[in-house]
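Here is a briefing on the fold, the cores and a few individual residues. Have the sequence and the model open as you read.

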Amino acid sequence: MKASQAQLIAALDRGGGDIRLFLLHGPDEAGALAFAARLARAMGDGVERVDLEPGQLRSDPAKLADEAASMSLFGERRFIRVAGAGEESGDAVEALLEAPSAGNPVIITAPTIKATGRLVKLALAADRAMSFACYPPEGNNAESLVTSMAREQGLRLGAGVAARIVRASDGDRAIMASEVEKLALYLDAGVDHPRDASAADLAEIGADLDEGEISPIVEAVIAGDAPALIAALRPMQGSDASPIPWLRALARRLANLAEMRTAVDAGEGAGQVVKRFRVFWREEGATIAALQRWNVHRLTRALDIVRETEREVMARGAAGRTIADQQLLTLTRRR
């Protein structure tokens with residue numbers, strides 16, 4: 001069935017209930033993983049998460065249904081998560097939905113599939129499946145989402161607090177939820193004892209990461225300046241700031257450079273390109289140097305690496321920070 005966000009959240013907060021499959025598709029993979037985390041919280045402490053790879057489902061379509069029907073060795077509740085699935089998982093999903101019993105809910109994130117594809121059609125046609133399209137929240141919608149998250153944690157956000165959280169997280173739903181949770185813990189807030197949260201409170205937990213901190217990281221990678229990158233990352237050491245905002249800022253910069261480099265390869269002068277793309281005059285020199293250093297193939301490959309790193313960060317939790325730092329340094333040192 002097609003689920004609204006309210007229906008999806010209600011089912012997740014019941015620990016799945018009688019829903020066998022949650023299919024979360026669309027480009028907001030961080031939001032989808034945040035919904036998966038919500039299911040885990042609802043199922044309680046000690047819940048066992050079984051991670052399956054899309055490749056496993058392609059080679060063994062029966063595995064998903066088998067895992068959904070099997071009991072935990074320790075008698076604890078369990079759920080199955082498949083991240084980054086594509087249409088190759090269609091046979092496995094069909095087997096799951098047709099199985100005589102399941103028992104353990106399955107949550108699949110599929111950011112690249114089409115809404116008209118087989119996976120979505122299977123979920124829409126099944127009474128015990130929910131299909132939900134995840135899109136990154138933007139503008140007022142993102143601020144409304146933060147306000148709603150805060151209300152669930154017993155927080156009343158002061159003026160500008162929701163906007164600051166959105167900016168610090170670069171619109172990433174999972175990071176927004178994390179910042180709200182930290183703020184609630186800091187203020188000892190709860191639904192039965194709500195608290196007011198001010199901009200000063202937000203600053204105390206270090207949630208306000210501004211563009212001035214992100215830009216040196218991005219520009220060091222683009223310039224191939226490893227010492228500058230290490231210096232830019234050093235203030236972040238020991239911080240619980242997520243690397244997602246600067247990974248996304250780097251992805252935007254790489255995509256923009258790829259577009260400009262394509263124009264240069266077509267015969268347009270680099271000086272003309274930076275003017276046409278309205279590059280800030282103080283950044284024109286660095287941008288022209290970047291266009292000389294990077295070709296389209298390398299920019300595209302780097303963009304793929306950054307996006308893959310973002311997925312790794314979201315999947316690995318705290319360990320993701322180390323992965324991000326290593327990948328940034330590798331990109332910086334490439335010639």
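**Surface and overall fold**

The protein exposes about 16400 Å², and carbon and sulfur atoms supply 51% of that area. Accessible areas come from the Shrake-Rupley method with a 1.4 Å probe; for residues, only the protein chains shown count as cover. This is a predicted model: local features need pLDDT of at least 70, side-chain atom pairs count only at pLDDT 80 or more, and totals for chains, interfaces and linings use all residues. Residues are numbered from 1 along each chain as its sequence is written, and side-chain values use heavy atoms, leaving out hydrogens and water.

**Architecture**

- The secondary structure comes to 17 helices and seven strands. Helices (H or I, at least four residues) and strands (E, at least two) are DSSP runs, numbered from the N terminus.
- The radius of gyration is 22 Å, close to the 20 Å that the globule rule gives for 335 residues, so the protein is as compact as a globular protein of that length. The radius is taken over C-alpha atoms, and the rule is 2.2 Å times the number of residues to the power 0.38.
- Along the principal axes, the C-alpha atoms fill a box of roughly 65 × 50 × 35 Å.
- Of the 335 residues, 48% count as buried. Buried means under 20% relative accessible area, exposed over 50%, and partly exposed in between (1.4 Å probe, protein chains only).
- Among contacts with a separation of 6 or more, 79% come from residues 24 or more positions apart. Contact means heavy atoms within 4.5 Å.

**Charge**

- The protein has 41 positive and 47 negative charges, and their mean positions are 4 Å apart.
- Lys and Arg count as positive and Asp and Glu as negative; His and the chain ends are not counted. Each charge is placed at NZ of Lys, CZ of Arg, CG of Asp or CD of Glu.

**Nonpolar cores**

- In soluble globular proteins, nonpolar side chains tend to be buried together.
- A nonpolar core is a set of buried Ala, Val, Leu, Ile, Met, Phe, Trp, Tyr and Cys residues joined through side-chain atoms within 4.5 Å.
- The largest core has 40 residues; Ile222, Leu229, Leu250, Leu254 and Leu328 have the most contacts inside it.
- Elements that give this core two or more residues are α2 (29-43), α11 (211-223), α12 (226-233), α13 (244-265), α14 (270-276), α15 (284-293), α16 and α17 (320-333). The largest share, 11 residues, comes from α13.
- Beyond its neighbours within four places in sequence, Leu229 is in contact with Ile217, Ala220, Val221, Leu328, Leu329 and Thr332.
- A second, separate core of 24 residues includes Ala68, Ile80, Ala126 and Ala129.

**Glu310**

- Glu310 is in helix α16 (residues 296-316). It counts as buried because its relative accessibility is 12%.
- Setting aside residues up to four places away in sequence, Glu310 touches Asp172, Ile244, Leu247 and Arg248.

**Arg156**

- Arg156 lies in strand β6 (residues 155-157). Its relative accessibility is 45%, so it counts as partly exposed.
- Not counting residues up to four places away in sequence, Arg156 touches Pro194, Arg195, Asp196 and Ala197.
- Arg156 and Ser198 are 42 residues apart in sequence and 8.7 Å apart in space, C-alpha to C-alpha.

**Positive phi in loops**

- Asp188 is not a glycine, yet it has a positive phi of about 55°. Asp188 sits in the loop between α9 (173-187) and β7 (195-197).
- Arg278, also not a glycine, has a positive phi of about 55°. Arg278 is in the loop between α14 and α15. It is exposed, with a relative accessible area of 76%.
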